[in-house]
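New notebook page, new structure. I'll jot down what I look up as I go.

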Amino acid sequence: MKLEIVQAGDPVLRQLARPLLADEIAAPGLQQTIADMLETLRLAPGVGLAAPQIGLGLQLAIIEDRPQYHAAWTPEQLRARQRRPVDFHVLINPELEIDSHSQVEFFEGCLSVAGYTAEVGRHCRVRVRYLDQHGEKQVVEAEGWYARILQHEIDHLNGTLYIDRMKPRTFMSLANYQDRWRNAEDEARRIFG
Ligand code: ZN
C-alpha cells in the first residue's frame, strides 16, 4: 500500500525517533510496514525513506538506489558522486560512525521537502552498525553517494533535515536546478556558494 510522505512542518520530522524492540522487529506488522515503505519509495521515486517520513517516530529506514535511476546522469557525474547501485536493504536502530575527515558537496533533495534541492556537505566515508529486518546485526562501510544516503536517512531518525546542513544560498527549486544548474554545478557553486 502506498503511504503518504509527510512534508516539512510535520512535528514527527523534528523528533528523535525511538529504537525498535526485538519483539517489535519480529512482529508481522513491521514486515508489512517495510513492504509499504518500499512501494512508496519506488513510486516517489527516491533512494531512501525513513519511518518519520511516513509519520512513524521509529528508528527504521530503507535504502535502494536502482541502476535505472542512474540513466539521467552522465558517466562523469556518476563518477564524481561515486554513485553506484545499492540493493534494497532495511536499517533498524542504526549507529553512524564517520570514517573520513573530508566532506564533499553536492546537491541533494528530500521527499519531505518536495520540489527543492540544495548543496549539502557530507562525509565521504561512513560505517553504520544496524539491525536488518530479521533483527540480525549488520555492519556496512560505505563511500560516496551511498554514504550520503546513509547520512541523510540517519539524520531523519534524529529529527534533522538536509536544510539544516545545506549552504542556504544554493537552495532552489528542482525545476530550476534541472533547467539551469545541473550541468553547471561549478558555476552554481560560484554564484550561490
Ligand atoms: Zn529526506
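Starting with a term: I call a residue buried under 20% relative accessible area, exposed over 50% and partly exposed in between, using a 1.4 Å probe and protein chains only. Cys 124, at 15% relative accessibility, therefore counts as buried.

Ground rules: this is a predicted model, where local features need pLDDT of at least 70 and side-chain atom pairs count only at pLDDT 80 or more, while totals for chains, interfaces and linings use all residues. Residues are numbered from 1 along each chain as its sequence is written, and side-chain values use heavy atoms, with hydrogens and water left out.

Cys 110 sits in the loop between strand E4 (103-108) and strand E5 (116-123), and His 156, 46 residues apart from it, is in helix H4 (residues 144-157). Helices (H or I, at least four residues) and strands (E, at least two) are DSSP runs, numbered from the N terminus. Cys 110 counts as buried because its relative accessibility is 8%; His 156 is buried too.

Disulfides: I count zero, taking a pair of cysteine sulfur atoms within 2.5 Å as the rule.
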